[in-house]
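Dear colleague,

Here is the structure that I promised to hand over. Please open it beside this message, as the notes below follow it step by step.

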Protein chains: 2
Amino acid sequence: MIKPIEWRDNQVLMLDQRKLPWRETWLTCRTYKDVAQCIRVMVIRGAPAIGVAAAMGYALGARAIRTAGKYRFYEALGLIKAHLASQRPTAVNLFWALDRMERTAQALADLSVSEIKAGLVAEALAIHEEDIAINRAMGRHGAERVPDGATILTHCNAGALATGGYGTALGVVRAAVEAGKKVQVLADETRPFLQGARLTAWELHKDGIPVTIITDNMAGHFLKEGRIQLVVVGADRVAANGDAANKIGTYSVAVLARENQVPFYVAAPMSTVDPHTPTGAAIPIEVRPDREITHIRDRQITPDGVPVLHPAFDVTPNRYITGIVTEKGVAEAPYIQSLAKMMD
Amino acid sequence: MIKPIEWRDNQVLMLDQRKLPWRETWLTCRTYKDVAQCIRVMVIRGAPAIGVAAAMGYALGARAIRTAGKYRFYEALGLIKAHLASQRPTAVNLFWALDRMERTAQALADLSVSEIKAGLVAEALAIHEEDIAINRAMGRHGAERVPDGATILTHCNAGALATGGYGTALGVVRAAVEAGKKVQVLADETRPFLQGARLTAWELHKDGIPVTIITDNMAGHFLKEGRIQLVVVGADRVAANGDAANKIGTYSVAVLARENQVPFYVAAPMSTVDPHTPTGAAIPIEVRPDREITHIRDRQITPDGVPVLHPAFDVTPNRYITGIVTEKGVAEAPYIQSLAKMMD
């Protein structure tokens, strides 16, 4: 099974997703700051994977705290959490995982510092394992909506690489395949970071699931031509009303899907649903470095002196979403109610 | 004035648009086959520029025919026309320009072969000059629709580089600037060939018109955010009913513009309107080489063994088009009537 991250010998190993599909390089994170840096520069990306990484980073940081005093220990944990939380603003799983680690640390407060440290490592590993189990459950729910023979469009990479393993949107694809359905995937290349062309194509091809790459601007054409039966994407944050932030371009795909009467699903674990974000308007949209637009594989593609814009995410209003696939089932409109019910 | 093509000393010079914005290299075409090759590999591209190039290629070919016999001369012209016409299928200006050159050759049939040759060169130069004049007229009509202070979204390059000079869609922008309006352009980078990031950005920056590059998948986001007041694109072929073929991705922009109540204009000379193509369904869509998707600046971006699709154009149904800007004015729905009237 493809996994983007592993806890091994009290270090965190990450498959360097900046280098895929050209090289399969594993980076070793020895400190929580290494993990933070890897999150920021997108060695690892994808909301659930960021959550797993943050949890492991927190555990790594906790282990390294050199103090017997508990007040100092908890103070240091606070600093570690703040540092990890400041790396990327949009994916709520980052904050969700850190909050969960913090609650665990508090719950273990009566134990010794070394026992708390061990408990935090165990919690990070549990978050990782649960994420995979959640994705499998999500996949089973989502697969019911996939017609046999379907061509499925996806945007960005919401696959094994974006999660603890198995994937959210690609988990739905994998579950459909496991259920005996014949499906194929059209992968938007997903500029600028090319998560579709590099990562989705790589992991599906590795798993023997038929995948074809298109440029982002072709999705509308193939939807219009009737070549796509279903769209499924991941999410970085789902607001309480079902508005969903995901990789830039997702909104466009959603509009084009509805215009052509093709169902559009968001697949995301409940940890991506943020009850404290009432609507999409409240989701902070990360602005990433210009260089990710102006350069591809270190070669400049734009003229000198011409500015670029780089919002890394957009928000798809709930009215374009046919259903939100979670580990608890498929939520449908009105999401404010269906998601709240699943939250309970 | 930026021009992509020149007739000089009985040779055709072309600015190599594959190399922009990194190098301004002029290629010399000595034979009609050189011109044909340059059209095919996109040294020159853009429907009106392809038309100008084809006319010059035809004249170049005519000049090189070594026969005093008129039957042989006209037979050779037929072969030249067929070869030039077979290079790219979608832009109708290619066929329009070659038909016009053929009619000219027939009209001059009573003259000597050397006089016919001279007449064909003159006709090719006339097509070039007329194209620029047409673009200026189109620009004036289109500029009336541009609000002062507007941010204008464009897709691909329908600029000076895509025409004899001045541009169609970018002609509208230039005319708005000349009319004293303060405008700025958002340029879709336009994968895979990056005509927006490379060419539109280059020529507007050179002319001092503010331009910012975005990836194709950001256009919807900025339309939704209210950051764009008008969309204007070129066309490779406009059917009699107003359906318009243009660079892949145009259809998506049109749908997203309508969804957000932003006017969407197509700017194209009457030579791009094809009365023999009843609707968009009859427009042949060129499929271009995989390598243009899988590689950027000679570096591979996709995994080995994963297929890609590469339709180079899509068709925007007339219902998404606010108006078609031509040198005769702005046609509006129903286009079957407004375009026919302009044709007369």
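**Helix α3 of chain A**

In α3(A), the residues F73(A), Y74(A), L77(A), I80(A), K81(A) and L84(A) are buried, where buried means under 20% relative accessible area, exposed over 50% and partly exposed in between, with a 1.4 Å probe and protein chains only. Because they cover an arc of only 115° around the axis, they lie on the same side of α3(A), the arc being that of the directions from the helix axis to the C-beta atoms. The face turned away from this buried side carries the exposed residues Y71(A), R72(A) and L79(A). Helices here are DSSP runs of H or I with at least four residues, numbered from the N terminus.

This is a predicted model, in which local features need pLDDT of at least 70 and side-chain atom pairs count only at pLDDT 80 or more, while totals for chains, interfaces and linings use all residues. Residues are numbered from 1 along each chain as its sequence is written, chains are lettered from A and ligands numbered from 1 in the order in which they are written, and side-chain values use heavy atoms, with hydrogens and water left out.

**Helix α9 of chain B**

Nine of the ten residues of α9(B), residues 250–259, are buried, so this helix is largely enclosed by the rest of the structure. Among the buried ones are Y251(B), V253(B), L256(B) and E259(B). After α9(B) comes Q261(B), whose phi is positive, near 55°.

With best wishes

Note on methods
Helices (H or I, at least four residues) and strands (E, at least two) are DSSP runs, numbered from the N terminus.
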